Amino acid sequence: MALPLPSHSHPSYALLAFLVFQAVVQVVLVCMLGFWAAHVRLLNPALQKHISQLNVMLFTPCLIFVKLASAITADKLVDLAIVPVLFVLTAGVSYLAGVAINRFQGFNRRESNFVIAMAVFANSNSLPVSLTIALAQTLPTLKWLPDDTAETIASRGILYLLIFQQLGQMLRWSWGYNTLLSKGYNGDEISMRSSQLSTIAMSAKPLLAEDCSTDTSGSSDISDSPTGSLYYRPDQALLPSFNRSFRKDFNRSALGRIVDNTTVRNVKLFLVRAVGYMNPPLWAMLSAFIVAVIPPLQRLLFEEKDTFIYRTFTSAVTQTSQVSVPLILVVLGANLYPDDVATPPSPNFKRIVASSLVARMLISGAVLIPILAAFAKFVHVSIVDDPIFLVVLFLLATAPPAIQLSQICQLNEVFEREMAAVLFWGYVVLTLPVTMVMVVMSLEVLEWAGRLPSL
């Protein structure tokens with residue numbers, strides 16, 4: 001039941017604080033279960049890593065596929081075309097905020113990459129979704145269409161957040177996983193190895209040569225990562241091991257000898273790097289987009305609920321997807337429990353944590369607020385007229401770092417203690433006051449822009 005509104009068009013500050021507090025407590029309670037599990041040794045660090053890996057390989061891809069494939073349609077893609085533009089804007093501003101504070105602090109490359117990851121990848125799932133639903137139920141003046149209800153307003157808000165979330169996921173599991181929070185290599189080393197690929201491609205041996213993929217010990221030719229060939233080294237194969245038989249047959253065939261020229265080698269190199277950059281979450285996104293642009297397939301999977309496909313495949317994937325977020329929060333809570341196994345903290349531990357939070361929750365918001373205010377006042381294109389869309393933009397401007405980043409740090413064994421500290425201070429300490437200020441500012445801007453009439 002909706003809470004009573006004051007005479008002003010937005011609820012009182014006490015009510016806003018209560019709404020934000022509810023959303024934060026929901027996250028904290030689940031994290032406490034993980035903290036308790038680590039305390040009683042149900043979740044030791046090794047098991048936490050295995051669970052995180054299972055989540056990345058299975059539960060998170062299911063979540064991405066179900067959320068994206070069921071919500072996006074070919075028609076909606078046209079109306080939502082403005083969302084990627086705004087995502088690039090917000091991510092670009094956050095990136096520059098991270099770069100600026102890194103130059104001020106003088107961090108090394110790996111520390112700078114961590115701060116940039118914290119600044120760019122904001123939480124667009126648990127906390128903003130809970131707050132959007134609460135505001136939609138509390139503020140009737142967020143109506144955009146004459147027949148809007150609290151449910152339809154909340155659904156649109158969740159859809160906007162979902163698009164931002166999936167764009168962020170795509171960037172997080174590619175650039176974030178492979179470069180910013182990479183395992184073993186810093187940014188300079190990865191750039192050097194990337195530049196060596198062209199040299200390898202033009203070497204005397206064919207790119208797909210049989211003798212470049214294995215050694216006598218039978219060890220794997222892919223880098224030590226849970227998602228396959230994510231990094232390339234000159235002494236490693238450029239394709240995963242399961243493609244060895246294909247490489248052998250291709251190189252021995254007449255076609256392989258005929259097409260072995262510079263142009264085709266470049267195409268091979270591009271395909272190898274593209275496939276090597278993919279991981280299960282990215283494959284799930286690609287699959288979801290394919291389903292979204294094929295309406296008959298989308299209806300079969302998500303709308304025709306009396307069919308065998310829906311009751312078996314769709315229901316199984318949906319049920320599996322519901323494990324992802326709670327499991328992330330449980331592992332996050334376990335990460336907060338002190339142990340001696342996690343990677344040791346950086347010598348600049350406190351400065352890194354503080355810089356990450358300042359870049360994500362203060363500098364980014366300070367730059368984006370006037371831009372979004374002007375956007376709300378002067379731009380009238382498609383969904384920009386929807387008040388809940390503008391509220392979502394303000395919420396994302398200063399949202400704390402994404403919880404899923406702890407999963408990446410744990411899998412790659414980098415900055416685990418820094419990540420836990422960033423999430424603790426971001427969610428437990430800063431989220432309540434910062435989010436309350438942003439919600440009030442968004443509603444005031446909507447009134448100034450004429451998008452939120454007074455009651």
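Is W425 buried, partly exposed or exposed? At a relative accessibility of 44%, W425 counts as partly exposed, where buried means under 20% relative accessible area, exposed means over 50%, and partly exposed lies in between, with a 1.4 Å probe and protein chains only.

The model is predicted, so local features need a pLDDT of at least 70 and side-chain atom pairs count only at pLDDT 80 or more, whereas totals for chains, interfaces and linings use all residues. Residues are numbered from 1 along each chain as its sequence is written, and side-chain values use heavy atoms, with hydrogens and water left out.

**Overall architecture**

The protein has 19 helices and zero strands; helices (H or I, at least four residues) and strands (E, at least two) are DSSP runs numbered from the N terminus. Of its 455 residues, 51% are buried. Among the contacts with a separation of 6 or more, 83% are accounted for by residues 24 or more positions apart, a contact being defined by heavy atoms within 4.5 Å. The protein exposes about 20700 Å², of which carbon and sulfur atoms supply 67%, the areas coming from the Shrake-Rupley method with a 1.4 Å probe and, for residues, with only the protein chains shown counted as cover.

**Nonpolar cores**

In soluble globular proteins, nonpolar side chains tend to be buried together. Here the largest nonpolar core has 106 residues, and those with the most contacts inside it are F65, F114 and F389; such a core is a set of buried Ala, Val, Leu, Ile, Met, Phe, Trp, Tyr and Cys residues joined through side-chain atoms within 4.5 Å. Helix α7 gives the most to this core, with twelve residues. Leaving aside residues up to four places away in sequence, F114 touches L180, L181, I352, S356, C409, F415, E418, M419 and V422. A second, separate core has nine residues, including L43, I51, L327 and V331.

Both L327 and V331 are among the buried residues of helix α15, together with S324, I328, L329, L332, G333, A334 and N335. Helix α15 (residues 324-336) has 13 residues and reaches 19 Å from its first C-alpha to its last, close to the 18 Å expected at 1.5 Å a residue, the expected span being 1.5 Å times one less than the number of residues.

**Aromatic contacts**

A search of the whole structure finds eight aromatic pairs. Rings of Phe, Tyr and Trp (its six-membered ring) pair if their centres lie within 6.5 Å, and planes under 30 degrees apart count as stacked, over 60 as edge-to-face and the rest as tilted. Two of the edge-to-face pairs are set out below.

| Pair | Centre to centre | Angle between planes |
|---|---|---|
| Y160 and F389 | 5.0 Å | 80° |
| F424 and W425 | 5.8 Å | 90° |

Elsewhere, ring pairs link Y95, F121 and W175 into a cluster. K377 lies over the face of W448, at 5.1 Å from the ring centre; a charge sits over a ring if NZ of Lys or CZ of Arg is within 6 Å of the ring centre and within 35 degrees of the ring normal.

**Buried serines and loop positions**

S112 lies in helix α5 (residues 109-120) and counts as buried at 12% relative accessibility. Not counting residues up to four places away in sequence, S112 touches N102 and F107. S124 lies in the loop between α5 and α6 (126-138) and is buried, with a relative accessible area of 7%.

Most residues other than glycine have a negative phi, and most peptide bonds are trans. R41, however, has a positive phi near 70°; R41 is placed in the loop between α1 (13-39) and α2 (45-71) and is exposed, with a relative accessible area of 58%. The phi of F415 is also positive, near 50°, and F415 is found in the loop between α18 (404-412) and α19 (416-448), where F415 counts as buried at 12% relative accessibility.
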